[in-house]
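Let's take a walk through this structure together, one region after another. Have the sequence and the 3D view at hand as you read.

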Amino acid sequence: MSNSVLSVISRFLEEYSTTTSTKLKVVDAYLLYILLTGALQFLYCLLVGTFPFNSFLSGFISCVGSFILAVCLRIQINPQNKGDFLSISPERAFADFLFANTVLHLVVMNFIG
Amino acid sequence: MAPAGAQALTPSHYLSLSDVSRLQNLLSQPFTDLQSAYYSVVGLSKLGGIVPDHQEVCQFLKSQLDPSSVDSLFFAAETSQAISGCEIPVSNETRDILLAAVSEDSSMTQIHRAVGALSSLGLPLASQEVVGALAARINKEDNVMAIILALQTASRLSQQAELGRILEEIEDLTARLDDLGGIYLQFEEGLEATALFVAAAYALSDHVDVEPPLKEKSWDSLAEAFSVASAAAALSNNRFHVPVIVSAQGPATVSHNQPTLQLLVTDVMSQPLTSASVLVESAFAVATKSAILSQTPFTLNDGVFELNFMSSQPASGYYQFTVAVTGDSRLVASHVELKVKVSTEVSVSNMDLSVVDKDQSIGTKTTRVDYPSKAKSPFTADSHQNFAMSFQLVDVNTGQELTPHQTFVRLHNQKTGQEVVFVAEPDSKNLYKFELDAAERKSEFDSMSGTYSLYLIVGDATLENPILWNVADVVLKFVEEEAPAAVQPKTLYVPKPEIQHLFREPEKKPPTVVSNTFTALVLSPFLLLLILWFKLGANISSFSFSPSTILFHVGHAAMLGLMYVYWTHLNMFQTLKYLAIIGGVTFLAGNRMLAQKAVKRRSHV
C-alpha cells in the first residue's frame, strides 16, 4: 500500500519537474511559501493562544488571500489553458494579480492593529 | 405687544408709569450737541414731560446752529418748535439751501430733514415737488428706514398734495414686519425702526384722515428712548386706534375682608381712560365651569373700576373673567381675560382623637379637642393599637366643607428631632381621617419609641389662614427597638465611600521568547522561497532599463512602503489618498511596461 503511494508521489514529482515550465515553477515556489507561512501562523495560534486575535486573523487571511490570487495567476498564465482565457494575456493576468493583492493588503494592514 | 391672532388682542407690554418716568429721566440728561438736544427735548415733550429752562435751551440751539448744514438746521428747528418762545433766525441763503436739498438726488434722510426744517421754520415749500422727490427716492432706496422717513416727511406736507402713493407704503411696510414667535411683530432692523414706523404711520394717517391698515402693532440709548416715546404718544393720541390695557390693582384676589375687585383701565402710556365703561361679559369657575356672573358692569370710583364680587357669594377658588371695555370707537384689544382668586378662611371642627385596639375588643376612647388648644393627656399606642384621628375642615363664611390642597399630620419626636409627615385623606363625605398603625409604620419611625408631638398642617392657595396646630402628644411604643446609634440624621450630604475603579486588566501575553521564536519561524519560509527561486534559475536578466519599468518598480516599492507607514502612522483615508496617487502612477507605468513585455514576447514566439 505504502509502496504504491510512494511510487505515485515519486512519479508525480518526476512528471512535475519535467513538464512544468520554469515560469510556473516560480509561481509554485511562491505558493509553497505562502502555504508554509499560513500553516505556521495557525500552529502558533493553536499552541500559544489567540491573543491578539485581530492580528492573527489579518495574518491568516493575508496568507489565504494571497494563495488564492497566486493560484488564479498560475491558472491564467499557463499556456495550456490559453483556450479558456482568450481575452486575458499573461501580462494582463499579472496586472490583475498585482491590483488584487494591493486591495487585499490594504485591508490586511487595516486589520492588523 | 399684541399677539398675532386676530381674535383676542391683548397688549401684554405697555409703558407703565415707571417706564414713562424712566424714559423721561433718560431724556432729561444734559445734552452736548444739537442732535442729542433734539432727541431729549422733542422726546420729553412727546412723553408729556416738561422741558426745563426753555431760555437756556434756546440759547444753546442758537449757539450750536450751523446755517449751512441741513442736519443742523433740522435739529435746531424741530427743537425750537417743541419749546415755546424760541425763534431761530432765518436768512435767504438758509432757505435756498433747504429748498435745494429737496430733490431726487439727495438721500431720503436729507429730504426728510430739509422738509422738517422748512416746515418748522415756517418757510414755504412746494409740496408736489417734495412728493415727487420722495417717490423717486423710495424707488431708489427701498429699505425700511428710508420708507419710514418718507412717511414722516409726507405728514408735514399740505393736505392738498397727492399723498396716496406714500400711503400705500404703509401697507407694504406692514407686510414686511417679522412675526417673532407669534407674539411680537417687529422689523428685523430693530426696535427703533418699528417704533418710528408706528409713529410715522399714525402721524401720516392723522394728517390725511385715512385709517391706517394696521391691525396689530408691536414694540418692546437716547435715540431708542425717543422713538419709543413718540410711538407710545402716537398710539395714545391718534384718531384711529387706541389700545387698552386692563390690569388689576394689587393681586386679583377677593375675599370677605376685601370684597371688591379693582381694575385699572389705561392706555399704553398708563393714562386712565375714565370715559370708558367696563363690563364683565362672563365669569365662570375654573374648577366647575359653572357661570357666576354675566353682563355685570363695573362702577368707576376715583379712577379705578370696581366690582363687588363677594355679593354674588362665590365659593372659594379660581374664576375666569372676561372683561369688555367700551365707550370709544377707537379702542382696540378691549376684551380681556383675567383670572381672579376668591379666598376664604378655614376652621377645623369635630377633631376627634382615639386609640383603637386592633382586634376591636376594647372600646375606643374618643377625645375631642378644640382648636387651638391641645389635648390634656398624651395618647399611648403600641404595636397592638392604632391611633386614629378624624376632623372636618369647614369654610368659616359659608359653612361648606373644604378640601384644601395640603392637609398633613406631622409627628415630631421631641428628643431626637425626628419628624414624620403623613397625609390625611378625606372620605366621600369630606370627613378627614387619619390612622396610624404603629406596627406597620415602624420603619418610618426607625422604631424609635418615645413621645411625639402631633401637629395638623392645613394650607391652600385660596386660604387666608393656614393652620399649624399642635393637637396632642402621642407616645408610641415599638417592638424590637434596635439599639439606636444615637440619632442618624439622614447622611445624605456626606461624602460617600470612595469607589475603587478597576481598570481593565490587559490580557495575559505569552512570554517574549515564545513570540520571538515564532516570528522567526514564520519568516523562515521566505528564506526557503528565495532559495527555491535561486535553484529554479529565476533571474532578472531580461530587466530592461526603460523609464516605465523603473517607474513601475519604484512605484510598486512605494506602495509597499505606504503599507508599512499605514500600519504605523496613518488612517484609512490618508492611505487611500496616497495610494490613489502612487497607484495611479504605478498603474500607468506598469501598463506601459507590460505592454512592452507583451510585444517582446510575441515577437520572440
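This is a predicted model: local features need pLDDT of at least 70, side-chain atom pairs count only at pLDDT 80 or more; totals for chains, interfaces and linings use all residues.

You can check residues 518-538 of chain B in the same way, where the chain is 90% helix and 0% strand, with end C-alpha atoms 29 Å apart.

Now turn to chain A, which has annotated spans of its own. Here the unreviewed UniProt entry gives "transmembrane region" for residues 30-49, 55-73 and 93-112 of chain A. Residues 55-73 of chain A come out as 100% helix and 0% strand, with 27 Å between the end C-alpha atoms. For residues 93-112 of chain A the model also gives 100% helix and 0% strand, and here the end C-alpha atoms are 28 Å apart.

How do the two chains meet? The contact draws on 34 residues from chain B and 28 residues from chain A. The size of an interface is often given as the accessible area lost when the parts come together. Chain B and chain A bury about 2,700 Å² between them, and 82% of that area is on carbon and sulfur atoms.

Specific polar links can be picked out as well. Across the interface of chain B and chain A there are 3 residue pairs in polar contact, with both residues at pLDDT 80 or more. The count of salt bridges between chain B and chain A is 1. To find it, look for B:Arg601 and A:Glu91, whose side chains meet with 3.1 Å from N to O.

Which helices of chain B supply the side that touches chain A? Helix H12 (512-536), helix H13 (547-568) and helix H14 (572-604) of chain B each supply at least two residues of it. H12(B) gives the most, with 13 residues. Sorted by class, the side of chain B that touches chain A has 24 nonpolar, 4 polar and 6 charged residues.

One involves A:Arg11 and A:Glu15, with the closest N and O atoms 3.4 Å apart. These two residues, A:Arg11 and A:Glu15, are separated by about one helical turn, because they sit 4 residues apart in helix H1 (residues 2-19) of chain A.

Chain B also has strands to explore. One open sheet has 5 strands in the order S5-S13-S11-S7-S8 (chain B), with mixed pairing. Strand S5 (253-254) and strand S8 (291-297) of chain B are at its edges, each with a single partner strand, so one side of each has no neighbour in the sheet. Strand S7 (residues 277-285) of chain B pairs with S8(B) in the antiparallel sense over 5 bridges. Within that sheet, B:Leu279 has B:Pro297 in S8(B) as its bridge partner.

Another open sheet has 5 strands in the order S15-S14-S17-S21-S20 (chain B), and here the pairing is antiparallel. Its edges are strand S15 (365-369) and strand S20 (425-426) of chain B; each has a single partner strand, so one side of each is left without a neighbour in the sheet. Strand S14 (residues 346-357) of chain B and S15(B) pair in the antiparallel sense over 5 bridges. To locate this region on screen, select B:Met351 and its bridge partner in S15(B), B:Val369.

Definitions and conventions: Residues are numbered from 1 along each chain as its sequence is written. Chains are lettered from A and ligands numbered from 1 in the order in which they are written. Side-chain values use heavy atoms; hydrogens and water are left out. Contact means heavy atoms within 4.5 Å. Buried area is the accessible area (1.4 Å probe) that two parts lose on being put together, summed over both. A salt bridge is a side-chain nitrogen of Lys or Arg within 4 Å of a carboxyl oxygen of Asp or Glu. A polar contact is a pair of N or O atoms within 3.5 Å; within protein, one must be able to donate a hydrogen and the other to accept it, and residues adjacent in sequence count only if both atoms are side-chain atoms. Ala, Val, Leu, Ile, Met, Phe, Trp, Tyr, Cys and Pro count as nonpolar, Asp, Glu, Lys and Arg as charged, and the others, Gly among them, as polar. Two strands pair if DSSP finds at least two bridges between them. UniProt positions are given in the numbering used here, feature names are shortened, and annotations may be inferred rather than shown by experiment.
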